[in-house]
Amino acid sequence: KRVLADGAYDSRDNFQFLHDNDIDPAIKVRKNSSFKSMGCYTRKMVVLQQLNDLDKWKHSVSYGRRWAAETVFSSMKRTFGEHVISIKWKNIVNELLMKAHMYNMFMKITS
C-alpha cells in the first residue's frame with residue numbers, strides 16, 4: 001500500500017492519515033519544507049530523505065511510476081468529462097465506479 005502524490009498533497013493531515021492507516025507515503029514535499037516534525041514524525045522522515053538525496057528517494061518509492069495513474073485519470077476525464085452528475089455521496093461513488101468499469105471495458109476492447 002503506497003500513495004504516489006505530488007506536492008499538492010504535502011500536508012501533515014495527509015501524512016498522518018496515511019500513517020494511521022499503515023500506508024506508505026510517497027508524496028513529494030515542497031522545496032522549502034521544514035524538517036521539524038510539528039506533530040508528524042512520518043512527514044519529518046520523508047522531508048529529511050528528500051533533502052538528503054531526492055533522486056535516491058524517488059527511486060526507493062518508485063515515484064517515477066506516478067505517470068501511469070496520471071495517464072489513466074487524464075484519459076478518463078477526456079472520455080467521460082471532469083464532472084459527476086450525481087449529488088448524493090452514495091450515487092457519486094456508484095457513478096465513478098460505473099465509469100471506471102466502462103473505462104476498463106473500453107481498454108479491453110481496444111487491446
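Me: What makes the largest nonpolar core a core, and which residues have the most contacts inside it?

Reply: A nonpolar core is a set of buried Ala, Val, Leu, Ile, Met, Phe, Trp, Tyr and Cys residues joined through side-chain atoms within 4.5 Å, where buried means under 20% relative accessible area, with exposed over 50% and partly exposed in between (1.4 Å probe, protein chains only). The largest such set here has 13 residues, and those with the most contacts inside it are Phe15, Ile27, Val29, Val46, Trp57 and Val61. At least two residues of this core come from each of α1 (12-20), β2 (24-27), α2 (41-52) and α3 (54-61), these elements being DSSP runs numbered from the N terminus (helices H or I, at least four residues; strands E, at least two). The model is a predicted one, in which local features need pLDDT of at least 70 and side-chain atom pairs count only at pLDDT 80 or more, while totals for chains, interfaces and linings use all residues. Residues are numbered from 1 along each chain as its sequence is written, and side-chain values use heavy atoms, with hydrogens and water left out.

Me: Which residues is Phe15 in contact with, leaving aside its neighbours within four places in sequence?

Reply: Contact means heavy atoms within 4.5 Å, and on that criterion Phe15 is in contact with Asp10, Pro25, Ile27, Val29, Cys40, Thr42, Arg43 and Val46.

Me: How do the residues of the lining of the largest pocket divide?

Reply: They comprise nine nonpolar, one polar and three charged residues, with Ala, Val, Leu, Ile, Met, Phe, Trp, Tyr, Cys and Pro counted as nonpolar, Asp, Glu, Lys and Arg as charged, and the others, Gly among them, as polar. α4 gives the most to this lining, with four residues.

Me: Which elements give two or more residues to the lining of the second largest pocket?

Reply: They are α4 and α5 (89-110), and α4 gives the most, with four residues.
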